[in-house]
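Please open the model in your viewer and keep the selection tool at hand. The stops below go from one selection to the next, with a short account of what to look for at each.

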Amino acid sequence: MFRDLLECTPRGLYCPAGDFYVDPWASVDCAILTHAHADHARSGSKRYLSAKSSESLLRVRLGQSIDLQTVAYGESLRIKDARVSLHPAGHILGSSQVRIEVAGRVALITGDYKLQSDLTCDAWEPVRCDLMVSESTFGLPVFRWPETRLVIQEMIGWWEENQRQGRTSLLLAYSVGKAQRVLAEIFRECGVEVASKVAVHGAMLGPNRAYVSAGVALPELPSAASLGGQHDWSESLVIGPPSTQSTPWMERFSDPSIAMASGWMAIRGTRRRRNVERGFVLSDHVDWPDLLTAIGQCQPEQVWVTHGFSEVVSRYLTECGTAAEVLQTRFAGEESEPTLAEKSEEAS
Ligand SMILES: [Zn+2]
Ligand SMILES: [Zn+2]
């Protein structure tokens, strides 16, 4: 019943009235991008449209030479027979929800989103719609995020304890979004003077610069590799992407205490399976209560549920009286639980 608004095609989510795709997984002529994570922003399309604040990260990811038009949040634009505007999704810097209006009816593609506060991006905004496409990465009742500030204080306590013991604090966090959010929170709590004890993996230098150029206050941090073999790591906090675990990059640190910041840390057993000493429950996606709050505030007639626990969420919504369907997409969820991520890699 919403096919004039939106269709799920082999190339991705397609709006026939506007002849454009949102976060397509194949090359297309016109792609609107919700945010700069790899499963949503793919190279190869002719023209791109995104939020203004997403530009620096998208150019880091897709190359400086992409044909990218940007709009401010809330700015409305006509694309053929569709009216399009982007609204903050609260997920990472520049992340957007795409509002598409055709003949008086509204579809909202939320991309990835969260309702929790984040110093490094604009806060999620409810948008009234008839059709809502929602992710469900953490769409199970067991996922309920603690206050960000409490998690950060716990993290700082862990770092202080490691300093007393002369151990490097190595925090594994996704390099686009999570790392910058953690850094911004830590500097707010501890002051920027602690920056002299903080280093990052080289993969974070580009994203960090993109955040700074978009106006997010982050001190310039060195890459761990640039500090040389003689560096004293005993008081350091080092942030690296989860993929660096058990790689030679880690061998430079003195008896590191390894921790991970992820929504998956809310599940008993993940910490042990990932072989990390500490787990901090910090996610850039909605938890179960916030997923339901968001749907309640957007008041859709129908919800299409994608990446994550889409069956569970779809069934729950239907039982509660909101029409819902599972939507098969190729969004993977950058924060996938490792075993699931490995499986989906094998499958693709
Ligand atoms: Zn994402
Ligand atoms: Zn996603």
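Two strands are taken to pair if DSSP finds at least two bridges between them, and the strands themselves (E, at least two residues), like the helices (H or I, at least four residues), are DSSP runs numbered from the N terminus. This is a predicted model, in which local features need pLDDT of at least 70 and side-chain atom pairs count only at pLDDT 80 or more, while totals for chains, interfaces and linings use all residues. Residues are numbered from 1 along each chain as its sequence is written, and chains are lettered from A and ligands numbered from 1 in the order in which they are written.

**First stop: strand β5 and its partners**

Select residues 47-51, which make up strand β5. On one side, strand β4 (residues 30-32) runs parallel to β5 and is joined to it by 3 bridges; Ala31 has Tyr48 as its bridge partner in β5. Strand β6 (residues 68-71) also runs parallel to β5, with 4 bridges between them, and here Tyr48 stands opposite Leu68, while Ala51 stands opposite Val71. From β5 the chain passes through helix α1 (residues 55-62) to reach β6, and this β-α-β crossover is right-handed, a term that applies if, with the strands pointing away from the viewer, the path from the first strand over the helix to the second runs clockwise.

Is β5 mostly covered or mostly open? Of its 5 residues, 4 are buried, where a residue is buried if 20 or more other C-beta atoms lie within 10 Å of its own, exposed if 12 or fewer, and partly exposed in between, with C-beta atoms placed from the backbone.

**Second stop: the whole sheet**

Next, select Asp23, in the loop between β3 (20-22) and β4. Its phi is near 45°, a positive value in a residue other than glycine, although most residues other than glycine have a negative phi. Asp23 counts as buried because it has 23 C-beta neighbours inside 10 Å.

Asn275, in the loop between α5 (270-273) and β16 (278-280), likewise has a positive phi, near 60°. With 10 C-beta neighbours inside 10 Å, however, Asn275 counts as exposed.

The contact takes 22 residues from domain 1 and 24 residues from domain 2, two residues being in contact if their C-beta atoms, placed from the backbone, lie within 7 Å.

Finally, turn to the largest nonpolar core, which has 93 residues, with Ile100, Ala107, Leu108, Leu171 and Ile239 having the most contacts inside it. Such a core is a set of buried Ala, Val, Leu, Ile, Met, Phe, Trp, Tyr and Cys residues joined through C-beta atoms within 7 Å. Helix α6 (residues 288-298) gives the most to this core, with 5 residues. Both domain 1 and domain 2 give residues to this core, so it lies between them. To end, select Ile239: leaving aside its neighbours within four places in sequence, the residues in contact with it include Leu171, Ala173, Val200 and Met204.

Terms used: Domain bounds come from an automatic or database domain assignment.
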